[in-house]
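Let's take a walk through this model together. Have the sequence and the 3D view at hand, and we'll go from one spot to the next.

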Amino acid sequence: MWKPANAAVLPTLAQVLDTKKTIEDTELRLSEAFRLLKQTECLIASLQKDLTEQRAWISPERKLHSDILTTIFDICGAEDSDSLLNIARVSRKWRAIVLGTTRVWSYLRFHNHANTSAVQACFERSNPLPLH
């Protein structure tokens, strides 16, 4: 960290000019540091996204067949209908299975859903099965 040789003494004209040059240099270095920081943050975000996609691609869950997942989701829906919303957020495949399986939408707890559009969506998705 920069400190003057003697802070109690007023600077000479040469010292003022020299310090102004040092300030300009420091501002340029700081600007460059911020640019590098932003570049590094972008790189980190890109690498994190790549890791997420790579891990998802080799994930063992991808090997499970849709009929097995449907059975699992059906059991989850019977136990806790709200869990279906979380399951649907795991992946596109799981979301498609949850949305496309009428049985899982027949388990609806109305006290958990004040939103009438959510209740209507469950009615439509469970068709032709009765709600439980």
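L37 counts as partly exposed, with a relative accessibility of 42%; on this scale, buried means under 20% relative accessible area, exposed means over 50%, and partly exposed is what lies in between (1.4 Å probe, protein chains only). You'll find L37 in helix α1, which covers residues 13-57. Together with L30 and F34, L37 makes a nonpolar surface patch of about 310 Å². Patches are built from residues with over 30% relative accessible area and no salt bridge, where like charges are joined within 9 Å and nonpolar side chains (Val, Leu, Ile, Met, Phe, Trp, Tyr) within 5 Å.

A word on what you're looking at: this is a predicted model, where local features need pLDDT of at least 70 and side-chain atom pairs count only at pLDDT 80 or more, while totals for chains, interfaces and linings use all residues. Residues are numbered from 1 along each chain as its sequence is written, and side-chain values use heavy atoms, with hydrogens and water left out.

A search of the whole structure turns up 3 salt bridges, a salt bridge being a side-chain nitrogen of Lys or Arg within 4 Å of a carboxyl oxygen of Asp or Glu. One of them pairs D25 with K21, at 3.0 Å from N to O. These two are 4 residues apart in helix α1, so about one helical turn separates them. D25 is partly exposed at 33% relative accessibility, and K21 is partly exposed too, at 46%.

Another salt bridge joins the side chains of R35 and E32, with 2.6 Å from N to O. Here the spacing in helix α1 is 3 residues, about one turn of the helix. R35 comes out partly exposed at 43%, and E32 is partly exposed at 34%.

Then there's E53 with K49, whose closest N and O atoms are 3.7 Å apart. Both sit in helix α1, 4 residues from each other, again about one turn. E53 is partly exposed at 44% relative accessibility, whereas K49 counts as exposed at 52%.

Now step back to the whole chain.

Next, the inside. The largest nonpolar core has 10 residues: L69, F73, L84, I87, A88, W94, I97, V98, V104 and W105. Such a core is a set of buried Ala, Val, Leu, Ile, Met, Phe, Trp, Tyr and Cys residues joined through side-chain atoms within 4.5 Å. Helices α2 (66-79), α3 (83-87) and α4 (92-100) each give two or more residues to this core, and α4 supplies the largest share, 3 residues. Zoom in on A88: leaving aside residues up to four places away in sequence, A88 touches R95 and V98.

Finally, the UniProt record, an unreviewed entry, places the feature "domain: F-box" at residues 64-98. That span is 74% helix and 0% strand, and its end C-alpha atoms lie 14 Å apart. UniProt positions follow the numbering used here, feature names are shortened, and annotations may be inferred rather than shown by experiment.

Conventions: Contact means heavy atoms within 4.5 Å. Accessible areas come from the Shrake-Rupley method with a 1.4 Å probe; for residues, only the protein chains shown count as cover.
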